[in-house]
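User: I'm new to this one and would like to get my bearings. Could you take me through it in a few questions and answers?

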Amino acid sequence: MAFRLVSLASAFAFGVLAGLAPASAQDRSIVVASTTSTQDSGLFGHLLPLFKARTNIEVKVIAQGTGQALDTARRGDADVVFVHARSQEEKFVTDGFGVKRFDVMYNDFVLIGPKGDPAGVKGKDIETALRAIQAKAAPFVSRGDKSGTHSAELALWKQAGIDIAAAKGPWYREIGQGMGPALNTAGAMNGYVLADRGTWISFRNRGELEIAVEGDKRLFNQYGVILVNPEKFPSVKKEFGQIFIDWLVSAEGQAAIAAYKIDGQQLFFPNAEKKAS
Amino acid sequence: MRAPTSDLPLVLDGISLQAGATTILDRLNLTIAPGPPTLIVGPNGAGKSTLLRVMMGLASPTAGRVSWGGRTASPPLRRAIVFQRPVMLRRTVAANVAYALAQAGTPRRQRAERVAALLERVGLPDLAQRPARKLSGGEQQRLALARALARDPEILLLDEPTASLDPAATRGVEEIVLMAAQSGIKIVMASHDLGQVRRLAGEVMFMVRGCLRERAAAADFLDHPTTPEAAAFLRGDLVI
Amino acid sequence: MSDQYSAWQLILNGDAALFAIVRLSLAVSLSAVALAALIGMPLGALLALARFPGRSVLVVLLNALMGLPPVVVGLAVYLLLSRSGPLGAMGILFTPTAMVIAQTILIVPIIAALTRQTIEDLWAEYRDELTAMDVSQTGRMVTLLWDARFSLLTALLAGFGRAAAEVGAVMIVGGNIDGFTRTMTTAVALETSKGNLPLALGLGLVLVAIVLAINAAAWGTRVWSERQVG
C-alpha cells in the first residue's frame, strides 16, 4: 500500500515534469529579455500574436530592467534583448555578447508628480524641474535598478548639473524595483518620478499623480533590439531570433508598433532605419 | 528462513537495572526453561514489566547478563511479547497479522493461509477486514496475541494483558494463553490477579521492589507462602 | 488576460488565460510537493530514527531551512540552470521544470522537518512493539511513515501552501513568461506593478480560494479516512 502510494507520487511528479518540459525537437520559440516598460504597457500582448501568426514562432518574454535583461543575456539565458539604454546596449555589443544593435522605436519619458506640484515644476523644462526638486528636497522616487529608465534619469540629473550621488538625501528614494512599483510608491508618498510614457498611459493606479513635465527633447527614449551572439552561446536560436528582429524593423512590424494604442493614444513611435531593399 | 536456534533457556545472571537513583531490578538470577506457565506476581512497582522487557531484550540491564539459548546478543527470533496496551498498526486486523508474519520471515505466498489460521486461533476470523484501531480492548488483546503467535515463539511474554479487560474478554484471552501453553509455548506472564494465577499458573515468581522473593509451584505458593511479604500479599494487605 | 475586466468577470467568463495560469500554478506546486515528499519524508523519517554524530546539527539546520527565503532558492537555482551555470546545458531555465525544481528545494526542508517531528513522536509509541517484532531500520521507516499518514498530510499541505504562495523563486527561474511560466503569484506581482490593483487583488483572492479548497478537501479526506481506520 505504502509502496503503491510512492509509485503513484513518483509517476505523478515525473509525468508532470515530462509534460512541462519543452519539446525541444520542434520547439519554435525564443526567449526575449526585455524591459518592464514594454511588457507592462501591453505592447508585447499586441505584437506577439501578430508575429506568431506570421511566423509560427513563439516569443517568451522575460520582463526585467534593462540592466538585468542585459545580464540575463550575458549569461546566455536569452536569445534576443529588446531594451532601452543605448550606451549599455552598445557596450553589450562591443563586449561581444551581442551581434548587432537595431533601432526599433522610441517613446518618451515624462516626469510624473502630485497634482499639488510642491516643487512648482509644472510646464518647466526637465533640467529646471529637476533643479527645483533638488532645491526644495521634494520627494523623488528613483527606480535604482540599473534599468533603462534609471540610466536615463541619472543622465538627466547630470545634464541638469546635479551630482545626484552627492546631492541625494532622504528626499531621494531609490526603490530598486520596476516602473509600476515606482509609480505606486510615488503615488503613496506624493513624490515625483520619471516614467516612460507607455507605462504611464497604461498605469491604472494613478491616484493623485499626473504629468508634470513632458515634450522635452531630452526625454526621448530609444529602444533597440540585439541578437545574442551565437558564437558566445551556441544555444542561442539565431535563426528564429533574427526572424524576430527582422520582423520588428520591417514595414509590417513597424506598422504594428504604430498601431498599438491605449485610450486612443499611441505609445510607441517606430523609427527603424529603412532597409535598402 | 529461521536459523535453527532456540531462545531457551532464558538465563538472567545477576541482573540489576537502575534508573538514576532508583533500583528497578535488583540482582536477579533466574532461568526460564520449557514447562508450564510462569506467572510473575507482586505489587505495583515491583518491577514485573521491566523484568519482562529485559527478558524480551527491549531494556538493557545496568549490570548482569541475559542470554537466550546461550547467546547474549540475540534478535527476538523465537520469543514474542504482548503488552498491557498493545499498539495497533493503522491497518486492518488481517494486515496486522500479515505484518507480523512478514517480519517473522514467513514467505509471502504462505501468509494468507497463516493469517486465516491465526485469526481462527484467537477467535477473530469475522473481524479480519476491520480496522485494528476500531476493535474493543479485548479484541485488540486477541489481535496482539495473534501477532505474537505469528512469530511462532518458543516463549511468550505477557505483561498484564487482561488488566483493563472485563471478565468475558479476560476469559477469552486466558483461553488463548492456555491453548498456547498446551501447544508447548513457554508462557511468562505478569499479573496482579490472584484468580488468574490460580487459573493459569504452573509456577509463580513473587517480586517485591525489584527482588525475586519466592519462586514456587503455583499450589505451594498460594497455600504455603514462605515469606511474610508473600503471605501479606495473598491476604490482600498492602505490601510496600 | 485583458485588464479591463475584474478577476471575478474573468472567472465568470471562463477566461482561458486565467485557467491556464491556475492550471500551471497547480501543476508546478503539486509536482513540487510530490517530489519533495519523495525526498523529504524518507529524510525526515531517517532523521527521526537514526542516531549518528551530527544528527542534532542536521535537525536544527533542517528546522532553520524551513524559513529559506524563496528568492535565495530562486537565485541559487537560477545560477545553477543558467547557460553559464553548471547545469546550463540542460536548457531548462525559464521553463516550468525549473520552477518545479526551485519549489521542490524550497519545501523539502518543510516536509522533512515536519515528518521528523511526527515520526519521532510516533516512534515513542511504537518502539517496543516494532523492536519486539525485530523490524529492520528500513521497515521501521516505512511502517511509521504509513501509520503516520494522516498526520503527514499536514506536512504535505504546509509544503503545498508554501509552494503555491511563493513568488520569489518562480519569478526568477520561471521568468513570468506569459502563457508559459506565469503563475497565480507572478501574475499578481505583475498586475500590482502595472498598478492594476483590483485585478491583482482579485487574482490573489482566487489563489486563496483555490488553496483553501485544496486544504478543505484534504482535511475532509483525512477526517473521513481517519474515521474509517481509527
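**Where the chains meet, and what lies inside**

Analyst: Let's start with chains B and C: their contact (heavy atoms within 4.5 Å) takes 21 residues from chain B and 22 residues from chain C. This is a predicted model, where local features need pLDDT of at least 70, side-chain atom pairs count only at pLDDT 80 or more, and totals for chains, interfaces and linings use all residues. Residues are numbered from 1 along each chain as its sequence is written, chains are lettered from A and ligands numbered from 1 in the order in which they are written, and side-chain values use heavy atoms, with hydrogens and water left out.

User: Which three residues of chain B supply 32% of the area that chain B buries against chain C?

Analyst: Buried area is the accessible area (1.4 Å probe) that two parts lose on being put together, summed over both. Between chain B and chain C that comes to about 1900 Å², with 52% from carbon and sulfur atoms. The trio that supplies more of chain B's part than any other three residues is B:Val87, B:Arg90 and B:Tyr99.

User: How many salt bridges are there between chain B and chain C?

Analyst: A salt bridge here is a side-chain nitrogen of Lys or Arg within 4 Å of a carboxyl oxygen of Asp or Glu. One pair is C:Asp128 with B:Arg53, whose closest N and O atoms are 2.3 Å apart. For chain B and chain C, the count is four.

User: B:Arg147 forms a salt bridge with C:Glu129; why does the pair join two chains?

Analyst: The closest N and O atoms of B:Arg147 and C:Glu129 are 3.3 Å apart. Both are buried (under 20% relative accessible area, with exposed over 50% and partly exposed in between; 1.4 Å probe, protein chains only): B:Arg147 is at 3% and C:Glu129 at 7%. The pair joins two chains because B:Arg147 lies in helix α4 (residues 137-150) of chain B and C:Glu129 in helix α5 (residues 96-132) of chain C.

User: On to chains A and C: how much area do they bury between them?

Analyst: Here 35 residues of chain A are in contact with 35 residues of chain C. Carbon and sulfur atoms hold 66% of the buried area. The total is about 2800 Å².

User: Which element gives the most to the side of chain A that touches chain C?

Analyst: The count of salt bridges between chain A and chain C is zero. Helices (H or I, at least four residues) and strands (E, at least two) are DSSP runs, numbered from the N terminus; α1 (2-20), α2 (36-40), β2 (58-64), α4 (66-74) and α9 (179-189) of chain A each supply at least two residues of that side. With 11 residues, the top contributor is α1(A).

User: What fraction of chain A is buried?

Analyst: Chain A contains 12 helices and 12 strands. Among its contacts with a separation of 6 or more, 74% come from residues 24 or more positions apart. Of its 277 residues, the buried share is 53%.

User: Which residues touch the most other members of the largest nonpolar core?

Analyst: A nonpolar core is a set of buried Ala, Val, Leu, Ile, Met, Phe, Trp, Tyr and Cys residues joined through side-chain atoms within 4.5 Å. The largest has 159 residues. Take A:Phe244: leaving aside neighbours within four places in sequence, its contacts are A:Ile30, A:Val32, A:Leu48, A:Phe51, A:Val59 and A:Val80. The residues touching the most other members are A:Phe82, A:Phe244, A:Leu248, B:Leu145 and B:Leu156.

User: Is C:Thr183 buried or exposed?

Analyst: C:Thr183 lies in the loop between α8 (168-174) and α9 (184-193) of chain C. Not counting residues up to four places away in sequence, C:Thr183 touches C:Ile21, C:Leu24, C:Ser25, C:Met99 and C:Val170. At 5% relative accessibility, C:Thr183 counts as buried.
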